[in-house]
Amino acid sequence: MAKLKVTQLRSTIGCKQNQRDTIRTLGLRKIRQSVVREDSPQVRGLIHTVRHLVAVEEVAD
């Protein structure tokens with residue numbers, strides 16, 4: 001299964017609480033921090049919620 005590298009690019013200051021919670025759920029805490037997650041519909045939904053705050057790359061297994 002493919003993996004996604006999610007990098008936080010923007011701050012959550014001024015964002016809605018659900019967007020802050022989503023960033024934390026993805027495992028991001030700081031700007032420019034990256035995490036690798038399995039590609040699944042649930043993770044895609046989380047990314048969609050904060051798409052304006054993060055960058056996403058597909059990573060080879």
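Me: Buried means under 20% relative accessible area, exposed over 50%, and partly exposed in between (1.4 Å probe, protein chains only). This is a predicted model: local features need pLDDT of at least 70, side-chain atom pairs count only at pLDDT 80 or more, and totals for chains, interfaces and linings use all residues. Residues are numbered from 1 along each chain as its sequence is written, and side-chain values use heavy atoms, with hydrogens and water left out. Which class does R44 fall in?

Reply: Buried needs a value under 20%, and exposed a value over 50%. R44 has 42% relative accessibility, so the class is partly exposed.

Me: What is the N to O distance in the salt bridge of R44 with D39?

Reply: A salt bridge is a side-chain nitrogen of Lys or Arg within 4 Å of a carboxyl oxygen of Asp or Glu. D39 is buried, at a relative accessible area of 17%. Its side chain meets that of R44, N to O, at 2.8 Å.

Me: How many residues apart in sequence are the parts that K3 and E38 tie together?

Reply: K3 and E38 form a salt bridge, with the closest N and O atoms 3.5 Å apart. Strands (E, at least two residues) and helices (H or I, at least four) are DSSP runs, numbered from the N terminus. K3 lies in strand β1 (residues 3-8) and E38 in strand β2 (residues 34-38), so the separation of the tied parts is 35 residues.

Me: Which strands stand at the edges of the sheet?

Reply: Two strands pair if DSSP finds at least two bridges between them. The open sheet has 3 strands in the order β2-β1-β3, with antiparallel pairing. An edge strand here has a single partner, so one side is left without a neighbour in the sheet; this holds for β2 and β3.

Me: Which residue is the bridge partner of T7 in β3?

Reply: T7 is in strand β1, and 6 bridges join β1 to β3. T7 is buried, at 12% relative accessibility. Contact means heavy atoms within 4.5 Å. Beyond four places in sequence, T7 touches residues including L53 and V54, and its bridge partner in β3 is A55.

Me: What angle does helix α2 make with β1?

Reply: Axes are lines fitted to C-alpha atoms, for helices over the stretch in contact; angles run from 0 to 180 degrees between N-to-C directions. Helix α2 (residues 41-49) packs on the sheet and touches β1, β2 and β3. Its direction and that of β1 make an angle of about 20 degrees.

Me: Is T22 buried or exposed?

Reply: T22 sits in helix α1 (residues 17-26). Leaving aside neighbours within four places in sequence, T22 contacts L46, T49 and V50. Its relative accessible area is 8%, so T22 is buried.

Me: What is phi of R32 near?

Reply: R32 is in the loop between α1 and β2. At 72% relative accessibility, R32 counts as exposed. Most residues other than glycine have a negative phi. R32 has a positive phi, near 70 degrees.
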